[in-house]
Amino acid sequence: MATYQTTYGNAPRKGLHGQIASEEKANKISRTVETVAGIKFGQPVQRGLADHGVAPFAAGGKFIGIAVLTPNVLPDVAPAGGYAQFVTGAFLTSGQMYVRAGGAVSDGDAVYYNPTTDAYVNAAGTGIVGPVPDCFFDTSGGNGDIVEISLKHRSA
């Protein structure tokens with residue numbers, strides 16, 4: 001018997017890094033990217049220098065939200081799968097999002113971001129920012145897994 005198709009696996013992907021997992025209770029805002037390197041999808045951001053501007057979340061910064069992977073911007077489009085400088089992007093301030101785990105994480109763990117690996121972890125470390133305020137892992141997983149985080153919906 002001939003194979004029908006070889007493009008798709010047996011099950012659909014769970015989600016993509018920076019994709020909204022559920023919009024049951026979610027809020028997004030539009031902000032302009034200030035940094036030359038842009039903002040990657042799924043990257044946490046803080047208040048920028050200009051009105052309605054954002055920059056990558058850093059120690060001491062005022063967290064605003066997480067860059068949303070939008071259907072009208074392909075994830076593999078430069079720069080680095082995200083929003084370019086001066087582009088108005090969508091940023092999740094409240095809701096559920098899929099992200100890539102940078103190590104073993106458990107449901108209820110605090111959420112930290114590793115800019116070097118563009119992944120989320122559950123503890124502080126060198127170069128890691130966070131914890132992301134009012135944000136917890138909502139599912140468990142291992143290094144490289146797509147897991148769900150909850151922003152302002154759950155507590156540990």
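This tour moves from the whole chain to one strand and then to the core.

The model is predicted: local features require pLDDT of at least 70, side-chain atom pairs count only at pLDDT 80 or more, and totals for chains, interfaces and linings use all residues. Residues are numbered from 1 along each chain as its sequence is written, and side-chain values use heavy atoms, with hydrogens and water left out.

**The whole chain.** Display the chain by secondary structure: it has zero helices and 11 strands. Helices (H or I, at least four residues) and strands (E, at least two) are DSSP runs, numbered from the N terminus. Of the 156 residues, 41% count as buried, where buried means under 20% relative accessible area, exposed over 50% and partly exposed in between (1.4 Å probe, protein chains only).

**Strand β5.** Select residues 63-67, which form β5. Five of the five residues of β5 are buried.

**The core.** Finally, select Y83, F91 and I149, which have the most contacts inside the largest nonpolar core, a group of 32 residues. Such a core is a set of buried Ala, Val, Leu, Ile, Met, Phe, Trp, Tyr and Cys residues joined through side-chain atoms within 4.5 Å. β7 gives the most to this core, with five residues. Around Y83, the residues in contact (heavy atoms within 4.5 Å) include V33, F41, A67 and F91, leaving aside neighbours within four places in sequence.
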